[in-house]
Amino acid sequence: MGKRRAGREVLRSLSKKQKKHLREFGEEHPFYDKVFACCFIGCYCCCCLHLCFSFQSEDSDKSSAESDSETEVEQVSGYHKLLATLKTSPESESEEEEDESESEEAEESEAEVDSEGSQEAGEGEGGEEDKNDAPGEEEDTAEQMLSQEQADGTDTSCDPRHGVIEEFTDVKHESEFSLETNFMEEESGDCNADRTDSNPFKQHMDKELEEKEIEKMTTLPKTSSQSQWPRLGQLIFSSTLEKHKTLKADKEVDVKQLHLHKPLESTWPKVNKPFLSAGDKPTDSSFTPLQRELFCIMNSYRDLFYPERKALTNGEEIRHTYCLHALNHVLKANAQVLSNNAKRRDRKPGADTDDHRDQGLTRPKVLMIVPFRECALRIVHVLISLLEVNDKKKIEVSNKKRFKGEFGSDPEEKPPNLKRPEDYEAVFAGNIDDHFRIGVAILQKSMRLYAPFYSSDIIIASPLGIRTVIGAEGEKKRDFDFLSSIEILIIDQADIYLMQNWEHVLHLMKHINLLPLDSHGVDFSRVRMLNLNNWCKYYRQTLLFSALQDPQINSVFNKHCFNYAGQVAIRNVPLTGSISHVVVQLPHVFRRLEADSVTSVIDARFQFFIDKVLPEYRDAIMSHTLIYVPSYFDYVRLRNYFKKEDLNFTHICEYTKKAAVCRARRFFLKGEKQFLLFTERFHFYKRYTIKGIRNLIFYELPTYSHFYSEICNMLKATDSGVDATWTCTVLYSKYDAQKLAAVVGIDRTAQMLQSKKNVHLFVTGEN
């Protein structure tokens with residue numbers, strides 16, 4: 001009874017958004033990581049052994065329901081259905097028992113942890129955890145959202161007649177935004193504006209491929225060429241078809257020569273003005289140097305991979321650029337349909353209508369994948385700004401208030417006095433919920449948010465949000481027909497998905513541009529032949545933006561992009577690595593391990609660690625050893641081995657409860673635990689400073705190169721005059737060339753890969 005009463009008290013302190021997230025996924029986002037004094041059931045998430053927790057309570061549905069009905073049936077989310085189709089691995093049983101015992105231990109020592117937290121706050125550590133996990137962080141937004149639902153009068157998502165809470169979609173304005181029943185407005189003057197032969201949109205979409213060319217693209221390897229651009233650097237152009245002319249960077253850009261749809265010519269310079277410097281030439285006042293070169297590639301409808309997107313510096317520049325390209329594409333496509341509607345209306349009976357093939361099998365044309373709701377909010381704001389010609393001509397935006405309530409955040413909700421790196425603040429700004437999807441319909445001077453997918457032009461979603469719609473094989477309720485005619489796929493901040501669940505991205509790529517299972521009311525006389533032939537993937541343009549080079553991201557770009565126009569990848573090599581940002585005097589030992597293949601390197605690294613590295617640290621004199629583990633698979637494997645060998649260690653991962661984190665940090669600082677297993681995802685979401693480190697072991701090179709210097713600089717957090725005893729050991733193989741170059745630089749990487757000996761580097765803090 002005590003546990004159940006404690007569970008109810010914790011539930012009352014949660015905001016409605018947090019309760020909804022807990023009910024749907026069984027756990028909070030690792031960013032919040034609050035301690036719940038209640039029962040948890042362990043279950044394994046798909047494609048990774050990350051442990052999820054599903055909450056069970058009799059009152060959970062009542063306390064978190066957004067409906068006024070008291071007889072609402074318990075919700076069974078799509079994500080739970082997805083989990084139900086998965087097989088539990090044999091290792092999960094031991095994980096369940098362990099985490100249940102940890103939960104009980106956390107409950108028993110709750111009072112003790114609170115006192116420890118207040119004590120650590122005096123040291124400048126524990127206080128930041130409590131502030132970061134403020135219970136009322138989203139209450140104001142949730143209340144505001146509910147009041148807006150009642151004011152709008154369009155809420156059908158919480159109708160008790162449905163029995164479960166359904167996702168809200170706006171069906172009220174269906175006829176107003178229908179492409180088939182509307183016509184181009186005469187005053188727009190765009191009926192024939194985009195019909196010139198030099199228009200990139202028509203050049204790309206109207207090209208008719210032959211079966212020989214399709215066969216060539218599926219069988220022959222790609223040919224590549226290199227080019228050096230002033231701002232982007234080294235570009236790799238690749239294509240399977242006949243060699244295309246090498247694209248050259250435009251030194252100056254005239255907006256009128258870019259074939260932008262009419263309203264964008266006047267709105268883009270105003271919207272992009274904050275990013276322009278005073279030194280830009282008058283003829284080049286609408287694009288920054290980076291935007292000019294990126295848009296030059298985008299407007300050629302080639303695939304693009306740009307791995308140097310930084311949230312602090314160029315993130316917003318890039319977002320504005322791809323929003324301009326996507327909106328330009330949608331406006332041109334819709335204008336073509338509306339213009340042909342008028343021609344079909346005025347045509348004589350019996351006239352040939354084959355010239356009016358202007359649509360796909362489904363309406364959605366652009367799919368934008370972003371990690372957080374804040375990103376979707378900013379995208380919609382950019383789209384609205386680009387459509388508003390001036391302050392007097394505001395466009396009509398349906399469901400705008402509801403959108404702001406669900407995707408916005410209150411700046412005052414941010415916990416005060418949190419010291420985090422600037423890049424962390426930039427990435428985790430605003431609403432960081434990672435489960436969402438929203439359809440956007442655009443028709444001339446109006447925009448409709450929350451449009452049903454099959455009535456949308458643009459779909460903005462997170463990988464998890466789109467995965468729960470696609471579903472898993474064998475599920476009765478799953479849908480991916482709306483992905484059949486996607487013409488532009490934009491994957492922004494792809495590196496963050498490595499910290500979430502990369503399998504969701506792979507699942508999306510397997511289900512995009514497939515033939516739909518249903519017709520969905522399409523007029524086949526207006527469907528392009530490329531869609532009827534199931535060749536849409538050869539016309540789809542993919543824009544991939546990331547903060548780093550990674551084999552998994554490269555694999556998506558190389559194996560899932562089939563654009564006949566070719567691909568462009570930016571491949572700049574780092575001259576200096578992040579090791580130059582280490583400010584403590586520390587000897588770095590890079591130990592090379594040998595592996596026969598990429599698949600065998602995982603086992604080879606584990607064997608090398610337990611045979612060659614770990615024995616050197618078993619002695620008590622090598623206490624305070626932090627082992628940095630990027631992969632959760634490796635973390636579980638090492639944790640099980642340490643338990644089997646009965647080593648004196650503690651561990652922290654992204655699923656460790658706050659109470660256990662406090663205990664682990666305290667034990668490690670005081671030397672009561674010799675080893676600390678520390679995962680990269682925990683560092684990504686929390687960025688805590690771990691005190692007491694004297695010896696560092698990088699089990700694998702970090703995914704983010706700047707994490708290397710951040711972890712090394714944690715040694716200065718405890719200045720006890722033992723600098724000479726500090727050590728840093730890094731394990732690497734020949735398959736870690738990209739990560740190694742990001743840490744030590746390209747010149748040292750070449751030397752280290754040629755030599756099979758261990759490399760010793762000493763950083764003085766001035767390198």
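This chat looks at aromatic rings in a predicted model.

Trainee: Hi! What should I know before I start?
Mentor: The model is predicted, so local features need pLDDT of at least 70 and side-chain atom pairs count only at pLDDT 80 or more, while totals for chains, interfaces and linings use all residues. Residues are numbered from 1 along each chain as its sequence is written, and side-chain values use heavy atoms, leaving out hydrogens and water.

Trainee: What kind of pair do Phe305 and Phe557 form?
Mentor: A tilted one, with 5.6 Å centre to centre and 40° between the planes.

Trainee: And where do those two lie?
Mentor: Phe305 is in strand 5 (residues 303-306) and Phe557 in helix 21 (residues 551-559), so the pair ties together parts 252 residues apart in sequence. Helices (H or I, at least four residues) and strands (E, at least two) are DSSP runs, numbered from the N terminus.

Trainee: Switching topic: which residues are in the ring cluster?
Mentor: Ring pairs link Phe590, Tyr628, Phe678, Phe682, Tyr688, Phe698, Tyr708 and Tyr732.

Trainee: Which ring does the charged end of Arg373 sit over?
Mentor: The ring of Phe407, 4.6 Å from its centre. Arg402 lies over the face of Tyr450, at 5.8 Å from the ring centre. The rule is NZ of Lys or CZ of Arg within 6 Å of the ring centre and within 35 degrees of the ring normal.

Conventions:
Phe/Tyr/Trp six-rings, centres within 6.5 Å; stacked < 30°, edge-to-face > 60°.
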